[in-house]
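Visitor: Hi, I'm new to reading structures. Can you walk me through this one?

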Amino acid sequence: MAKLYVNPKHQLGHINPEIQGHFSEHLGRCIYEGLYVGENSDIPNTNGMRNDVVEALKEMQIPVLRWPGGCFADEYHWMDGIGPKETRKKMINTHWGGVVEDNSFGTHEFMELCRQLGCKTYVNGNVGSGTVQEMSEWVEYMTFEGVSPMADLRAKNGHPESWKVDYFGVGNENWGCGGNMTPEYYGNLYRRYQTYVRNYKKGQEIFKICCGPNVDDYYWTEGVLKTTHDHAEKAHGFMNGLSLHYYTHPDGWEKKGSALDFDEEKYYKTMKKTLYMEELIKNHGAIMDQYDPEKKIGLIVDEWGTWYEVEPGTNPGFLYQQNTMRDALVAGINLNIFNKHCDRVKMANIAQLVNVLQSVILTEGEKMIKTPTYHVFNMYKYHQDGELLESYVETEEIGHKDFKVPNLHESVSLGKDGRIHVTLNNLSVTESYDIDAVFTETDIKGVEGTILTGEMHAHNTFEEPDAVRTEKFDQVEIGGQSLKFTIPACSVLHLALEI
């Protein structure tokens, strides 16, 4: 019997809701068809936004949405996406699929979507091909109230009131698709560009995010921070976050493997690569500690998730992939890791929201399905705004040859609702485990459980939309300050404890 130890008397940090954030790019069918169908669509919508998708995301309590990219951000010129839709510029989306981008979804539409979702806004600016003036005027257009050319233009386009921009990314992947820059060059550009991301309204300061590393590029992290923090007395306050991008590729970047056709070896390889996220957070965090020992700068993991080959017969530039119980475990592991490092990780954004990579929703015409990853986020939402509790689970190594992983993975919080929330993952595809959970000096008065489980290939389709779904988990024995239960193979479990 494996022991799970929880000390509710020891709180380790605050879990920002934004740790469960999401990402939407002008890529494939993420925005068009997925989120936005236009006001004249036969698919039920409100101001062009799909009602079914919006309602599902509200149920999941989406906390923040990043837009417009991604690589698309550094070729996006925001003025192309405002004004009458019939006069907006059409362009070729050179990064993703070579299709026509008609700019019918722009700043006003994004802000309307976030209004309907009730979530915070994360706008990514263009450093790669854009100017300081362009970025400055976009921020003014969105956030300034008063007499100014951009505020007047916004009013002319139908929105006299300003919006709130919660997060602003100064460029994206500037080490690669965002300009192939050196860290020192980008660091100096960041210093310059962020100067003009003005805070126009007191109490609505914009959280500024600097482009951080790709995976284990510690040279980039060191170079950017050294450059931005030269003359450190002037650096305070102009950087609130540093991004990190890491995707789980079972077979590496060149040969990503199939989302549905995989064996146990590939499954455990996927789990092992997912667990690498913790090492990245620790190592990049150690570099950040040298420049920011008080942890005022958040690590923003604004692109993460599985990346496989596209589904057969689909546009290779659209990055459309299916989503199985394997992906559910990837989501659970990552969210547990982010929880456990909430002292440094302040936001994370899975890629991407709908129809792209590890999405929570898939659509096909008027049909919509929730993926296994959706159900994980829906279970984990109870951690949002909670306090991380000290916890530890006894594990054993399982897996296949070179791909050994711990059998169990957990995080625990004290929720806003006053309950203790335990999320526990069983990474084994074959074995269930008996768990004895012990809570220090804390009597358990009641428990509610929800579980997502199934064979590792299990997934939802438009013909069988509920093949994988959450179910009530009530096989829990309460014994004062302990719980006993059995967690099935290949499962994600959420327990809510009354104390």
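**Buried and exposed places**

Guide: Start with helix H9, whose buried residues are Pro372, Thr373, Tyr374, His375, Val376, Phe377, Asn378, Met379 and Tyr380. Buried means under 20% relative accessible area, exposed means over 50%, and partly exposed is in between (1.4 Å probe, protein chains only). Helices (H or I, at least four residues) and strands (E, at least two) are DSSP runs, numbered from the N terminus.

Guide: Two notes on the source. This is a predicted model, where local features need pLDDT of at least 70, side-chain atom pairs count only at pLDDT 80 or more, and totals for chains, interfaces and linings use all residues. Residues are numbered from 1 along each chain as its sequence is written, and side-chain values use heavy atoms, with hydrogens and water left out.

Visitor: Why is H9 called largely enclosed by the rest of the structure?

Guide: Because nine of the nine residues of H9 (residues 372–380) are buried.

Visitor: OK, next. Where is Met49 found?

Guide: Met49 is in strand S4 (residues 49–50). Its relative accessibility is 0%, so Met49 counts as buried.

Visitor: What is Met49 in contact with, leaving aside neighbours within four places in sequence?

Guide: Contact means heavy atoms within 4.5 Å. The partners of Met49 include Leu35, Tyr36, Phe105, Glu109 and Leu113. Met49 and Val37 are twelve residues apart in sequence, and their C-alpha atoms are 6.2 Å apart in space.

Visitor: And Ile15, buried or exposed?

Guide: Buried, because its relative accessibility is 1%. Ile15 sits in the loop between strand S1 (2–14) and strand S2 (21–23). Beyond four places in sequence, Ile15 touches several residues, among them Asn339, Cys342, His383 and Ser413.

Visitor: New topic. Which side chain of opposite charge is nearest to Asp74?

Guide: Arg66, at 7.4 Å. Asp74 is buried yet has no salt bridge. A salt bridge is a side-chain nitrogen of Lys or Arg within 4 Å of a carboxyl oxygen of Asp or Glu. For charge, Lys and Arg count as positive and Asp and Glu as negative, while His and the chain ends are not counted.

Visitor: Where is Asp74 found?

Guide: In the loop between strand S5 (64–67) and strand S6 (91–92). Pro68 is in the loop between S5 and S6 too. A cis peptide bond joins Trp67 and Pro68, with omega about 5°. Another cis peptide bond joins Gly69 and Gly70, with omega about 10°.

Visitor: What about phi at Asn103?

Guide: Asn103 has a positive phi of about 60°, although it is not a glycine. Asn103 is buried, with a relative accessible area of 0%.

Visitor: And Glu441, buried or exposed?

Guide: Exposed, with a relative accessible area of 60%. Glu441 has a positive phi of about 50° and is not a glycine. Glu441 lies in the loop between strand S21 (433–439) and strand S22 (446–453).

Visitor: Last one. How many cavities of 30 Å³ or more are there?

Guide: Three. On a 1 Å grid over the protein atoms alone, a cavity is a set of points where a 1.4 Å probe fits but cannot get out, and lining residues have an atom within 4 Å of a point. Grid points are joined across faces, edges and corners, and a volume is the space filled by probe spheres set on the points.

Visitor: How much space lies in the largest cavity?

Guide: About 60 Å³. Its lining includes Thr143, Trp163, Arg198 and Tyr200.

Notes:
On a 1 Å grid over the protein atoms alone, a cavity is a set of points where a 1.4 Å probe fits but cannot get out, and a pocket is an open set with protein on both sides within 12 Å along at least five of seven lines; lining residues have an atom within 4 Å of a point.
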